[in-house]
Amino acid sequence: MTPDLPPPKIIISTGEPAGIGPDVILQAATKAWPAHLIALGDRNLLATRAAALGISVNLIAYTTTDVATTHVAGELPLIDIPLRANCCPGVLNTANAGYVLAQLDLAVAMCTAGEAAAMVTAPVQKSVINDAGIPFLGHTEYLAAATNTPHVVMMLVSGDLRVTLATTHLPLADVASAITREHLEQTLSILHTDLIKRFGISQPTVTVLGLNPHAGEGGHLGREEIDTIAPVCEALREIGFQVEGPLPADSAFIPSIRAKTDAYLAMYHDQGLPVLKAIGFQGAVNTTLGLPFTRTSVDHGTALELAGTGNANAGSLEAAIQMAIELSPCSPI
């Protein structure tokens, strides 16, 4: 504990209004937190959803002059961002795509200005944003562009298992060409730096997965390991990085390897994440490395079929809030 530091201000986007973002944020607000939580979203939407779910939460208007205090259970400081169109739980509306992105833009502005120590993002529906005519690959890419950050890294965390991605939201057919030596070097450098700076691991060990089955089988099942991945790993080992691999993905997560691994680097989205989600889906957290501020998120989608039903599980959001607090430079923990 560092009692002389104020609790961090954590900004939380409510995400897609037709999804479970509002539901799980309202659930989380009923608990006490050692941080000043600030939600972004439509006040009427949250009030209506809370009433429908039987959740008692007092929505309090937030202003930038508010002094940071620890979160009081049953209260939720809020910056009111009006919906562009009426919203029913489970029913997408392209008219609200701009509303979703307005939350992210304000969260970025507040973190960049130092008004908030970290941001937590509720899930968005990528398809409805694209259907509205706005190109959108995902939070990770949007936040990188919004902060002019040339290279960011997606990491998902469940307990002591950390999985990062060399490529994120790409069709599988485009993955191999996207894995270049320069790209891997930048990714591993950011991962190494943030494991030290943000996670407090003084000498992190990273296990790198091969792209192909059996890590290429000596070139018989692909040459990406020989031509690109292995040379990068070796070059980084020569300058002091503790890098293992490339290892076959099908055996890299066995207990003996996990025990000595601080983080994995998977080559594509669906290579490493099924393992992590199978182990701890409801408590997993998505975080973006390389940004000028801390960003964490839930590790699930909008779950439209659960919105407004009372059946949404807030475990991933609460884990994301907890991680944002722990990684915050103003954290009292």
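The structure is a predicted model. Helix 3 packs against helix 5 with axes that come within 11 Å, and helix 7 packs against helix 8 with axes 9 Å apart. Strand 8 is largely enclosed by the rest of the structure, because five of its five residues are buried. Strand 8 pairs with strand 9 in the parallel sense.

**Helix 3 and helix 5**

- Helix 3 spans residues 97-112 and helix 5 spans residues 139-146.
- The axes of helix 3 and helix 5 cross at roughly 50 degrees. An angle of 65 to 115 degrees would count as roughly perpendicular and one under 35 degrees as roughly parallel, so helix 3 and helix 5 are oblique to each other.
- The crossing of helix 3 and helix 5 is right-handed.
- On the side of helix 3, the residues that meet helix 5 are Leu101, Leu104, Asp105 and Val108. They face His139, Tyr142, Leu143 and Ala146 in helix 5.
- Sorted by class, the residues in this contact between helix 3 and helix 5 are six nonpolar, one polar and one charged.

**Glutamine 103 in helix 3**

- Glutamine 103 also lies in helix 3.
- Glutamine 103 has a relative accessibility of 0% and therefore counts as buried, the cut-off being under 20%.
- Leaving aside residues up to four places away in sequence, glutamine 103 touches Ser13, Thr14, Gly15, Leu40 and Ile81.

**Helix 7 and helix 8**

- Helix 7 covers residues 181-197, and helix 8 covers residues 224-238.
- Helix 7 and helix 8 pack at an angle of about 40 degrees. This angle makes helix 7 oblique to helix 8.
- The crossing of helix 7 and helix 8 is right-handed.
- Helix 7 contributes Arg181, Leu184, Glu185 and Leu188 to the contact. Helix 8 contributes Asp227, Thr228, Ile229, Pro231, Val232 and Leu236.
- The contact of helix 7 with helix 8 has six nonpolar residues, one polar residue and three charged residues.

**Strand 8 and strand 9**

- Strand 8 runs over residues 205-209, and strand 9 over residues 242-247.
- Thr205, Thr207 and Leu209 point one way from strand 8, while Val206 and Val208 point the other way. The residues on both sides are buried.
- Four bridges join strand 8 to strand 9 in their parallel pairing.
- Within this pairing, leucine 209 stands opposite leucine 247 of strand 9.
- Proline 246 is also placed in strand 9. The peptide bond that leads from glycine 245 to proline 246 is cis, and its omega is near 10 degrees.

**Two loop residues with positive phi**

- Glutamate 217 sits in the loop between strand 8 and helix 8. Its phi is near 50 degrees, a positive value in a residue other than glycine.
- With a relative accessible area of 38%, glutamate 217 is partly exposed, since this class lies between 20% and 50%.
- Alanine 303 is in the loop between strand 12 (294-298) and helix 11 (315-327). The phi of alanine 303 is near 45 degrees, which is likewise a positive value in a residue other than glycine.
- Alanine 303 has a relative accessible area of 19% and is therefore buried, as the cut-off is under 20%.

Key. Residues are numbered from 1 along each chain as its sequence is written. This is a predicted model: local features need pLDDT of at least 70, side-chain atom pairs count only at pLDDT 80 or more; totals for chains, interfaces and linings use all residues. Side-chain values use heavy atoms; hydrogens and water are left out. Axes are lines fitted to C-alpha atoms, for helices over the stretch in contact, and angles run from 0 to 180 degrees between N-to-C directions. Angles under 35 degrees count as roughly parallel, over 145 as roughly antiparallel, 65 to 115 as roughly perpendicular and the rest as oblique. A crossing is left-handed if the near helix is turned anticlockwise from the far one by less than a right angle, and right-handed if clockwise. Contact means heavy atoms within 4.5 Å. Ala, Val, Leu, Ile, Met, Phe, Trp, Tyr, Cys and Pro count as nonpolar, Asp, Glu, Lys and Arg as charged, and the others, Gly among them, as polar. Buried means under 20% relative accessible area, exposed over 50%, partly exposed in between (1.4 Å probe, protein chains only). Two strands pair if DSSP finds at least two bridges between them.
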